[in-house]
Amino acid sequence: MLDRLFPRHADNTFGGHRAALWLLGLFIALKLAMSVNSILNTASVAAGADGLPLDSYGPAATQAVLMLFALTALGQLTITAIALTTLIRYRAMVPFIYLLLLGEQLARRFIVQDYSVARTDGIPAGWYVTFGLLALLTLGLVLSLIPARQRPVAE
């Protein structure tokens with residue numbers, strides 16, 4: 001299993017289940033859309049999807065929060081570009097990129113919990129999206145580690 005997670009050569013061979021590639025493509029598409037949206041519509045994402053009460057902050061604090069959201073989105077866009085490159089050109093690295101993305105998402109959740117901020121009423125929509133992405137990444141990692149069935153060779 002370690003050889004699949006950390007392959008000796010970063011080539012375009014992939015030995016896992018093909019569904020893992022499709023799930024990675026879906027994840028990349030979602031993260032690209034989310035990242036670009038967070039960069040272009042930072043205030044509406046922070047207030048809507050993440051449920052932050054921006055109106056209750058002072059102007060300087062609001063500007064700082066929005067800057068951090070946009071910077072985080074840029075970082076997400078960069079990681080997503082690396083994942084896209086992996087999917088297109090370096091498929092041997094797919095299990096590793098799943099591990100990296102899953103670790104990043106889990107670390108984010110712990111940091112968000114540690115720096116808990118008062119939110120607007122109810123559970124923000126971003127909470128459901130985050131846990132959906134965690135489930136998608138976990139399933140993709142498992143599928144990428146399961147060896148693909150060999151098709152019978154016709155004689």
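Reader: What should I know about the model before reading it, and how many helices and strands are in the chain?

Author: This is a predicted model, in which local features need pLDDT of at least 70 and side-chain atom pairs count only at pLDDT 80 or more, whereas totals for chains, interfaces and linings use all residues. Residues are numbered from 1 along each chain as its sequence is written, and side-chain values use heavy atoms, with hydrogens and water left out. The chain has six helices and zero strands, following the pattern α-α-α-α-α-α along the sequence; helices (H or I, at least four residues) and strands (E, at least two) are DSSP runs numbered from the N terminus. The C-alpha trace spans about 75 × 25 × 25 Å along its principal axes.

Reader: How is a pair of packed helices described, and at what angle do H2 and H4 pack?

Author: Two packed helices are described by the angle between their axes and the distance between the axes. The axes are lines fitted to C-alpha atoms, for helices over the stretch in contact, and angles run from 0 to 180 degrees between N-to-C directions. Helix H2 (residues 18-40) packs with helix H4 (residues 59-89) at an angle of about 155 degrees, their axes lying 9 Å apart, and H2 and H4 are therefore roughly antiparallel to each other. Angles under 35 degrees count as roughly parallel, over 145 as roughly antiparallel, 65 to 115 as roughly perpendicular and the rest as oblique. H2 and H4 make a left-handed crossing, a term that applies if the near helix is turned anticlockwise from the far one by less than a right angle, clockwise being right-handed.

Reader: Which residues in H2 and H4 meet?

Author: Contact means heavy atoms within 4.5 Å. Residues in H2 including Leu21, Leu24, Ile28 and Leu32 meet residues in H4, among them Ala70, Leu74, Leu77 and Leu84. The residues of this contact of H2 with H4 divide into 13 nonpolar, five polar and one charged, where Ala, Val, Leu, Ile, Met, Phe, Trp, Tyr, Cys and Pro count as nonpolar, Asp, Glu, Lys and Arg as charged, and the others, Gly among them, as polar.

Reader: At what angle do H2 and H5 pack, and at what angle do H4 and H5 cross?

Author: The axes of H4 and H5 come within 9 Å and cross at roughly 165 degrees, and this pair is therefore roughly antiparallel, with a left-handed crossing. H2 and H5 pack at an angle of about 45 degrees, with axes 11 Å apart, and they are therefore oblique to each other. The crossing of H2 and H5 is left-handed; by class, their contact has nine nonpolar, one polar and one charged residues.

Reader: How much space lies in the largest pocket, and which residues lie nearest its centre?

Author: On a 1 Å grid over the protein atoms alone, a pocket is an open set of points where a 1.4 Å probe fits, with protein on both sides within 12 Å along at least five of seven lines, and lining residues have an atom within 4 Å of a point. About 1200 Å³ of space lies in the largest pocket, a volume being the space filled by probe spheres set on the points, which are joined across faces, edges and corners. Its lining has 36 residues, of which Asp50, Phe69, Arg108, Arg109 and Val112 lie nearest the centre. H5 gives the largest share of the lining, eight residues.
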